Amino acid sequence: RAETERERLIANLDAFARMVAHDLKSPLAVLVPASLTLRDDCGQMSQAEIVEFATIITDTSLKMNAIIEALLLLAQLERVQKANIGPVNLDSVVGQALRRLDTEIRTAHAQVMLPGEWPTVTGYGPWLEEAFANYVSNAIKYGGEPPLITLGADRQPDGAVRCWVRDNGCGLSAEQQGRLFAEFTRLHSERASGHGLGLSIVRRIIERLDGQVGVTSVEGQGSEFYFILPGVPADVTQEVEP
């Protein structure tokens, strides 16, 4: 069993390294020429041209930073033996995730609809914020024009809580749905510049919290990404994590 786990980690690391090398190389191919042009020709450029190249450099640097942040989170998920799991206030978690995505939401003219209230779940706030941020970010990238994104949560008969993010995009085929949460998969690469780590990270987060992930989608009718987490027992009186 230990050998099988070791082989799995080695295979994941190999796939991960190849993907990251590719995805870091792509923005570098934009960043380096833009930087050199700005350095060598700024004296002959108009103010508008300088701003244009500076914007390219900034945007590309932010994309690379997002890849690095995802790497750090993935390393944390592999390293941390036990997170501070307990009752979590989803209203606060979702609010923080949306604040992180404020620029993306405004740039895409996305409309985000939220429920009147959120149930409390058993989890770890920072990880759940990352899960929601990934789902909403994908809904912005792959949603309609403009994106219409609806978030919600439903309590299940067994007490678990199903959290979901719906979009108004083109939907996914059965084959695409089957490999969505596989290691380092990216779909619709011609439409989005995502680095391919998001859904894999969400899956790892939710599984670490004793939950499960999934998607329901019909081509041409959008998608609903969800995760299911343990609810909070009625007799739990400890403080809810903000």
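Start in the loop between H7 and S6: select Asp 210, which is found there. This is a predicted model. Asp 210 is not a glycine, yet its phi is positive, about 65 degrees. Check its surface: Asp 210 counts as exposed, at 66% relative accessibility. As background, most residues other than glycine have a negative phi.

**Whole chain**

Zoom out. Colour by secondary structure and you get 7 helices and 7 strands. Read from the N terminus, the order is α-α-β-α-α-β-β-α-β-β-α-α-β-β. The protein has 242 residues, and 43% of them count as buried. Now turn to contacts with a separation of 6 or more: 71% of these come from residues 24 or more positions apart.

**The sheet**

Select S2, S4, S5, S7 and S6. In that order they make an open sheet of 5 strands with mixed pairing. Which strands stand at the edges? They are S2 and S6 (212-217); each has a single partner strand, so one side of each is left without a neighbour in the sheet. From one strand to the next, the twist averages 15 degrees.

- S2 (residues 111-113) and S4 (residues 148-155) run parallel, joined by 3 bridges. Pick Val 112; its bridge partner in S4 is Ile 149.
- S4 and S5 (residues 161-166) run antiparallel, with 6 bridges between them. Pick Leu 151 and look across to S5: Val 165 stands opposite.
- S6 and S7 (residues 223-229) pair in the antiparallel sense, over 6 bridges. Pick Thr 216; its bridge partner in S7 is Glu 224.

While you have side chains displayed, recall a general rule: in a regular strand they alternate between the two faces of the sheet.

Go back to the hairpin of S4 and S5. There are 5 residues between the strands. Select Gly 159 in this hairpin: its phi is positive, near 95 degrees.

At what angle do H5 and H7 pack? H5 (residues 125-142) and H7 (residues 198-208) meet at about 145 degrees, with their axes 9 Å apart. Their crossing is left-handed.

Turn on side chains for both helices. On the H5 side of the contact, select Trp 127, Leu 128, Glu 130, Ala 131, Asn 134, Tyr 135 and Asn 138. On the H7 side, select Gly 198, Leu 199, Val 202, Ile 205, Ile 206 and Arg 208. The residues of this contact divide into 8 nonpolar, 3 polar and 2 charged.

Move to the loop between H5 and S4, where Pro 146 lies. Select Glu 145 together with Pro 146: a cis peptide bond joins them, with omega about 0 degrees. For background, most peptide bonds are trans.

**H3 and its cap**

Select H3 (residues 90-100). Which residues of H3 are buried? They are Leu 90, Val 93, Val 94, Gly 95, Ala 97 and Leu 98.

Step back to Asn 89, which caps the N-terminal end of H3.

**His 109**

Move to the loop between H4 (102-107) and S2, and select His 109 there. His 109 has a positive phi of about 55 degrees, although it is not a glycine. Is His 109 buried or exposed? His 109 is exposed, with a relative accessible area of 63%.

**Last stop: H2**

Finish on H2 (residues 47-79) and pick Leu 62, which lies in that helix. Leu 62 counts as exposed, at 54% relative accessibility; the cut-off for exposed is over 50%. Leu 62 and Pro 27 are 35 residues apart along the chain, and their C-alpha atoms are separated by 9.8 Å.

How values were computed: Residues numbered from 1 in each chain as written. Predicted model: local features only at pLDDT ≥ 70, side-chain atom pairs only at ≥ 80, totals over all residues. Heavy atoms only, no water. Pairing = 2+ DSSP bridges. Helix = DSSP H or I, 4+ residues; strand = E, 2+ residues; numbered from the N terminus. Axes fitted to C-alpha atoms, helices over the stretch in contact; angles between N-to-C directions. Left-handed = near helix turned anticlockwise from the far one by under 90°. Contact = heavy atoms within 4.5 Å. Nonpolar A, V, L, I, M, F, W, Y, C, P; charged D, E, K, R; others polar. Buried < 20%, exposed > 50% of the residue type's maximum accessible area, 1.4 Å probe, protein only. Polar contact = N/O pair within 3.5 Å; in protein donor to acceptor, adjacent residues only side chain to side chain.
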